[in-house]
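Have a look at the sequence and the 3D view, and then read on.

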Amino acid sequence: MTHLMRVLVATLLCASSTAVAMAGTSYKISCQNEKCGFKGAVDFGGGFKFEQITGYCTQCRKFVYLQWPREEKGKDSPKTKPKPIGLIWDATAGHTRELYVCPHCKKAFFPILSEKELRFCPNCGQESLKLQMRLLYD
Ligand SMILES: [Zn+2]
Ligand SMILES: [Zn+2]
């Protein structure tokens, strides 16, 4: 990747995370590799009432979500943002990422920050994923 492309990608990620803070987005995903045929759906972002971390759990072989209510001012919410179980250095992206625990199997998963990061099929590992926006919700 050239330096210019990296800057572009970073700008796109910033732009999308601002949008995600306002509304969540759901995507229908399908693998274009005919031998694979992986299909699924994935949500990014939260709504007005909750926030969300999206990730793919390799143990459960599915997309997993951590959700917590948005903090209300002047009120201590019993459920707050989950604590990461560790930090890892993502050499391909050049920054540190938090690892979270899968709510189903309690193994660690790596959050996907935006749909733009979702290019590789979790089933066959090819760069063959097609994303189709399904709906916007609040
Ligand atoms: Zn899991
Ligand atoms: Zn695939």
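Which residue in S7 is the bridge partner of tyrosine 100? The partner is phenylalanine 109. Keep in mind that this is a predicted model, in which local features need pLDDT of at least 70, side-chain atom pairs count only at pLDDT 80 or more, and totals for chains, interfaces and linings use all residues. Residues are numbered from 1 along each chain as its sequence is written, while chains are lettered from A and ligands numbered from 1 in the order in which they are written.

**The sheet as a whole**
- An open sheet is built from 5 strands in the order S4-S3-S7-S6-S5, with antiparallel pairing; strands are DSSP runs (E, at least two residues), numbered from the N terminus, and two of them pair if DSSP finds at least two bridges between them.
- S4 and S5 (86-90) are the edge strands, each pairing on one side only.
- From one strand to the next, the twist averages 45°, an angle between N-to-C directions on a 0 to 180 degrees scale, with axes as lines fitted to C-alpha atoms.

**Partners of S3 and S7**
- S3 (residues 50-57) and S4 (residues 62-69) run antiparallel and are joined by 8 bridges, and here tyrosine 56 has phenylalanine 63 as its bridge partner.
- S3 also pairs with S7 (residues 108-111) over 2 bridges, where glycine 55 stands opposite proline 111.
- S6 (residues 95-101) pairs with S7 in the antiparallel sense, over 2 bridges.

**The turn between S3 and S4**
- These two strands form a hairpin with 4 residues between them, and arginine 61 in the turn has a positive phi of about 55°.
- Threonine 58 lies in this loop, and its C-alpha atom is 8.8 Å from that of lysine 107.
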